[in-house]
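The exercises below ask for a careful reading of one model, and each is followed by a solution that goes step by step. Please keep the sequence and the coordinates open while working through them.

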Amino acid sequence: MITHQEGVCTTEFQQRYARGRHINNFFQTNGVNLNDDWARFFKRHRFLVGLSLDGDSITHDRYRRSRAGKGTFNEVMAGLACLKRHHVDFNTLTVVNADNVDRPKEIYHFLRRAGSRYMQFIPLVERRASEPDASGLTLVTPDFKGDCRVAPWSVPALAYGRFLNAIFDHWAQHDIGAIFVMNFEQTLAKLVGQPGICVQSETSIIPYNERTSQGVVFRYREGGKKMADFPAEWLRGDNPRDKYDGVLPDQYQKEKADEQVFASFEKTEALIHQMLQQPAR
């Protein structure tokens, strides 16, 4: 399972060294440069494409602009049309900010009309330092310890909760099983005892690369503790295993976790119906 950003594709490398192993590819993009050539490539290699789309032109163009300051909504929708024309699997990633947080239903219905059947709504929270750095920038990294304030475009916590609640109320009544909303499905999976995404887990697993005498070894850490290594033989294409079984602990194998999440759907649906039947407080 490999996730790519714009301009980073390794299909030739995969074909050379996969040796029968099944590889899933994911590509996250802002959609501005998508065209028919890219769409054909994604379809041919069975990519799942994540498309950043913050709603209709009003909400999307508020912050997603080109270097010239122009909105990118039309370019993104043209790119989406290419994906649909070539039957490329895609999902949408919507950043919730201080401006679009007041339009939850409008955004949800727009994404649904656009053809999105898998949605993610992530909160925009950024901080600005009181003084610019040597490059003249004020946005800071999460580990910044100096004087700073939350940026005005960040989404307030309570407003973000209301945004999700409004979408959930409609989704639970009308779209369970038809639309997959990551925020809800993962939360409900955790409630029925299934694994969820790292941000909803007590600890998370972070992949990283480390150079050793045998070359680069891909490793995983959980809470600062090394959990497992990918043997160096993998880098030479000599791994005898067809899958990751036995390399990462079972509870951390993403494929198995996904199977468990989908297997728990009936429990999740029953939980939602139970919640809906409870009187409002």
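**Exercise 1.** Determine in which hand helix 5 passes helix 6, and describe the contact of the two helices.

*Solution.* Helix 5 passes helix 6 in a right-handed crossing, where right-handed means that the near helix is turned clockwise from the far one by less than a right angle, and left-handed that it is turned anticlockwise. Helices are DSSP runs of H or I with at least four residues, strands are runs of E with at least two, and both are numbered from the N terminus. The model is predicted, so that local features need pLDDT of at least 70 and side-chain atom pairs count only at pLDDT 80 or more, whereas totals for chains, interfaces and linings use all residues. Residues are numbered from 1 along each chain as its sequence is written, and side-chain values use heavy atoms, with hydrogens and water left out.

Next, the axes of helix 5 (residues 104-113) and helix 6 (residues 157-174) come within 8 Å and cross at roughly 50°; axes are lines fitted to C-alpha atoms, for helices over the stretch in contact, and angles run from 0 to 180 degrees between N-to-C directions. The two helices are therefore oblique to each other, given that angles under 35 degrees count as roughly parallel, over 145 as roughly antiparallel, 65 to 115 as roughly perpendicular and the rest as oblique.

Finally, Pro104, Lys105, Ile107, Tyr108 and His109 in helix 5 meet Phe163, Ala166, Ile167, His170 and Trp171 in helix 6, contact meaning heavy atoms within 4.5 Å.

**Exercise 2.** Is aspartate 175 buried or exposed, and which residues does aspartate 175 contact beyond its neighbours within four places in sequence?

*Solution.* Aspartate 175 lies in the loop between helix 6 and strand 8 (180-181). At 3% relative accessibility, aspartate 175 counts as buried, a term for under 20% relative accessible area, with exposed over 50% and partly exposed in between (1.4 Å probe, protein chains only). Leaving aside those sequence neighbours, aspartate 175 is in contact with Tyr108, Arg112 and His170.

**Exercise 3.** Locate arginine 46 and histidine 87, and describe phi for each.

*Solution.* Most residues other than glycine have a negative phi. Histidine 87, in the loop between helix 4 (73-85) and strand 4 (89-96), has a positive phi near 60° and is exposed at 58%.
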